[in-house]
Amino acid sequence: RLFSTPNSTFMFLQVTYLTHACMELQLGGKKMIFDPWLTGPAFARGWWLLHEPPADSMERLCMADLIYISHMHSDHLSYPTLKSLSATRPDVPIYVGDTSRPVFWMLEKSQVQLTNINVVPFGIWQNIDEHLRFMILKDEVHPEMDTCIIVEYKGHMILNTVDCTRPNYGRLPHNVDLMMSDFAGGASGFPMTFSGGKYTESWKADFIKNERKKLMNYKAQLVKSLQPKIYCPFAGYFVEAHPSDRYIKETNTKNKAEELNALIKKSAPGITTWTPKPGAVLDLALALMSPTITDPPSGTNIYKDSWDFDLYVDELNRAITAEIFKHKSWIQFYYNWAGFKNYDLVVRVIETDEDFIPIDNGYNYLVDFMDLSFPTQRPTREHPYEEIKNRIGVMRHVVKNGLLWDNLYIGFQNRLSREPDVYHHQFWNHFQTELPVTGPDWDLFLQQAPSYQRSAEPQGIQTESGSASTLS
């Protein structure tokens, strides 16, 4: 039993929602926290927290006995949050799955000092004490990255499928005490950041509406099939809050937790649903007898209204003046490091301002991935073509630090057009998940860069005709 008497007020099994995908589990004497994103943006500067975390959230994080981080995306693995944590508790036990791309592949470059990261195999129970254990499972669709978790305390199970598309290949426990999953949609630049051809505003609106409806129905069906006692939609509480992303915020409509819960109640009335608010507490021990959810304290701010934009955007924009970009040969060096070639695709990359207008002294270049060459004009052969306009600060930050392009694509920091209108999975998968773990050696590059390429300002390479000048 989880408590001594039915009327006991001592809480053995409590779940507190903090924000987005961050939950605090009080499991007897142990405190476990999921996916702490408590401060700063995610995906460069594209995502910001919708919900204001409780004022003591960082203190709660520092007191955790263990932390689970589901995957490397920055709305789950938040280096600004972990930097604050490491200043107080660098040795807090953190558990991640043994994904092919390590969850903490950027730890050294981040300069965050964490000393107790535990990479555990999939499908094996990890025993914390005699009453508490957990198991991390992989996703079928994105096994290289996404994971989910089952937590068991005194025979009671909590299933957190996080962002998994098909968690554990569809093999999941039924009748768990609490299930939580994502629900919102909108975690992609498609189709909001696309233009040309069919990508009219009406087409985008219809597509987004249909996709959200499909996701909503899928989640409701999954919950109905697994029959948890309680279900909570989470991991979808982000907002495109920066003023420059107003178009994305208005276009990228998302599912509402209340609507999903209503759909679940209609199809499976025996399942209790919970729409979480920051600081709200689910007393799972009592809720299994009768729904017992404590609302946040009176006066709690539910929604964020300030995000320190300048602090984080200025940090990204510092990359604009990095020494490497004074040498146009950074382009060949970077794409050779990236290692993607032997694929029939020509891409034009254009550096832009906040409004995706090309910058006069920004780079504008072609890459032919068939032979990894950098032509001055598009090749005469028939070829697929994409044009990618990137905000200069984010693109240069990504290049300089060897980061994945999910910061650009999922973070809404680019605008795209393509002909024909075909998704090049190999290209995007490589740049979003398969770039080398070790970043470009820019010190070596600067040693090798010819001195005549130096200039006082970042050197643009766009000619009057609009084609890129010859790269040496």
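Student: Is Asp-368 buried or exposed, and how do you know?

Tutor: This is a predicted model, so everything here is computed. Asp-368 has a relative accessible area of 4%. Buried means under 20%, so Asp-368 is buried.

Student: What makes Asp-368 and Arg-381 a salt bridge?

Tutor: Their closest N and O atoms are 2.8 Å apart. The cut-off is within 4 Å, so the pair qualifies. Asp-368 sits in strand S19 and Arg-381 in the loop between S19 and strand S20, so the bridge ties together parts 13 residues apart in sequence.

Student: Why is Arg-381 called partly exposed?

Tutor: Its relative accessible area is 28%.

Student: What about Arg-378, which partner does it have?

Tutor: Arg-378 forms a salt bridge with Glu-419, with 3.1 Å between the closest N and O atoms. Arg-378 is in the loop between S19 and S20 and Glu-419 is in strand S21, so this pair links parts that are 41 residues apart in sequence.

Student: How do you know whether Glu-240 is buried or exposed?

Tutor: Glu-240 comes out at 1% relative accessibility. That is under 20%, so Glu-240 counts as buried. Its side chain meets that of Lys-254 in a salt bridge, at 3.0 Å from N to O.

Student: And how many salt bridges are there by this rule?

Tutor: The count comes to 22.

Conventions
Residues numbered from 1 in each chain as written. Predicted model: local features only at pLDDT ≥ 70, side-chain atom pairs only at ≥ 80, totals over all residues. Heavy atoms only, no water. Buried < 20%, exposed > 50% of the residue type's maximum accessible area, 1.4 Å probe, protein only. Helix = DSSP H or I, 4+ residues; strand = E, 2+ residues; numbered from the N terminus.
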